[in-house]
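Here is a briefing on one protein chain. Please keep the sequence and the model in view while reading.

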Amino acid sequence: MRVLLVEDEKEMVAALCNVLTRQNMIVDSVSTIAAAEFMLKDNVHDVLVLDRQLPDGDGLSLVPRLRANGQNIPVLVLTARGDLNDRVAGLQSGADDYLGKPFAFEELLARVRALLRRPSSVVPEVAKMGQLMFDFAHREAWVAGERVEMPRREVLVLEALMRRMGRMVQRATLMEAVFGMNDEIDSNALDTHISRVRRKLSDAGAGVTINGIRGLGYLLRETA
Ligand code: CA
């Protein structure tokens with residue numbers, strides 16, 4: 001899952017990035033409404049965490065514009081102003097949820113997870129191929145009742161492949177799923193992650209493998 005965080009307080013950004021990243025989420029952060037609007041054009045984010053007090057205005061003003069463009073990304077609004085009127089204004093603007101500062105990080109995570117589970121998102125709960133079951137809600141791979149342990153980026157690679165199983169997934173799509181815009185990207189890193197996932201699936205007896213299609217992308221498929 002990829003989160004766009006719009007917040008200008010550096011300490012808050014660092015803390016939120018840390019919390020969300022530990023939950024296997026990819027976080028892109030920007031500090032202005034204008035930058036957020038630019039990033040959202042790509043439609044690659046699964047949830048938007050939006051502060052209200054931003055250098056170029058009230059973050060809330062972004063939400064009606066998104067909705068008018070038909071972008072239904074779930075939006076969680078953060079603000080120091082947590083009173084009822086602000087809450088109502090937030091929800092009326094088309095935001096999905098509203099969290100007053102200060103808040104506990106557990107609370108933020110619970111809200112983000114709830115937004116990601118909304119029925120409007122088209123992500124299925126689980127997908128199966130061969131002996132492999134991927135649980136999208138918890139980001140876990142299971143084979144024959146055993147969880148396949150993988151670090152974050154490997155899980156993200158597998159998740160992207162499972163979402164489009166049986167079809168080739170382009171390198172660019174995989175790169176986008178696995179690396180945030182702030183990451184240093186080594187061009188071989190994706191291939192390294194892929195080979196590790198492939199080996200783990202094989203060791204676990206998943207009955208699926210990842211085929212590389214030279215220069216273009218990768219495909220997850222059942223082994224004979
Ligand atoms: Ca702020």
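Leu78 sits in strand S6 (residues 75-79); helices (H or I, at least four residues) and strands (E, at least two) are DSSP runs, numbered from the N terminus. This is a predicted model: local features need pLDDT of at least 70, side-chain atom pairs count only at pLDDT 80 or more, and totals for chains, interfaces and linings use all residues. Residues are numbered from 1 along each chain as its sequence is written, and side-chain values use heavy atoms, with hydrogens and water left out.

- Leu78 has a relative accessible area of 0%, so this residue is buried. Buried means under 20% relative accessible area, exposed over 50%, and partly exposed in between (1.4 Å probe, protein chains only).
- Not counting residues up to four places away in sequence, Leu78 touches Leu16, Val49, Leu50, Asp51, Arg52, Leu99, Lys101, Phe103 and Leu108. Contact means heavy atoms within 4.5 Å.
- Leu78 and Lys101 are 6.7 Å apart in space, C-alpha to C-alpha, and 23 residues apart in sequence.
- Thr79 also belongs to strand S6. Thr79 counts as buried because its relative accessibility is 0%.
- Leaving aside neighbours within four places in sequence, Thr79 is in contact with Asp51, Arg52, Gln53, Tyr98, Leu99, Gly100 and Lys101.

**Salt bridges around Lys101**

- The whole structure holds 14 salt bridges. The rule asks for a side-chain nitrogen of Lys or Arg within 4 Å of a carboxyl oxygen of Asp or Glu.
- Glu7 pairs with Lys101 in one of them, the closest N and O atoms being 2.9 Å apart.
- Glu7 lies in the loop between strand S1 (2-6) and helix H1 (10-22), and Lys101 in the loop between strand S7 (97-100) and helix H5 (105-116), so the pair ties together parts that are 94 residues apart in sequence.
- Glu7 counts as buried at 2% relative accessibility. Lys101 counts as buried at 16%.
- A network of salt bridges links Glu7, Glu9, Asp51 and Lys101.

- Glu154 and Lys200 meet through their side chains in a salt bridge (2.7 Å, N to O). This pair links distant parts of the chain: Glu154 is in helix H6 (residues 152-163) and Lys200 in helix H8 (residues 189-204), 46 residues apart.
- Glu154 is buried at 3% relative accessibility, whereas Lys200 is partly exposed at 27%.
- Arg171 and Asp191 form a salt bridge with 3.0 Å from N to O. Arg171 is in helix H7 (residues 171-178) and Asp191 in helix H8, 20 residues apart.
- Arg171 is partly exposed at 24% relative accessible area. Asp191 is partly exposed at 23%.

**Domains and their interface**

- The chain is assigned domain 1 (2-117) and domain 2 (126-222); such bounds come from an automatic or database domain assignment.
- Their C-alpha centres lie 28 Å apart. Twelve residues from domain 1 and eleven residues from domain 2 make the contact.
- Domain 1 and domain 2 bury about 960 Å² between them, 50% of it on carbon and sulfur atoms. Buried area is the accessible area (1.4 Å probe) that two parts lose on being put together, summed over both.
- Arg2, Asn24 and Ile26 supply 56% of the area that domain 1 buries against domain 2, more than any other three residues.

**Backbone points to check**

- Most residues other than glycine have a negative phi, and most peptide bonds are trans.
- The peptide bond from Lys101 to Pro102 is cis, with omega near 0°. Pro102 is in the loop between S7 and H5.
- Asn24 is not a glycine, yet has a positive phi of about 65°. Asn24 is in the loop between H1 and strand S2 (26-30).
- Ala144 has a positive phi of about 45°, and is not a glycine either. Ala144 lies in the loop between strand S10 (140-143) and strand S11 (146-148).
- Ala144 counts as exposed at 69% relative accessibility.
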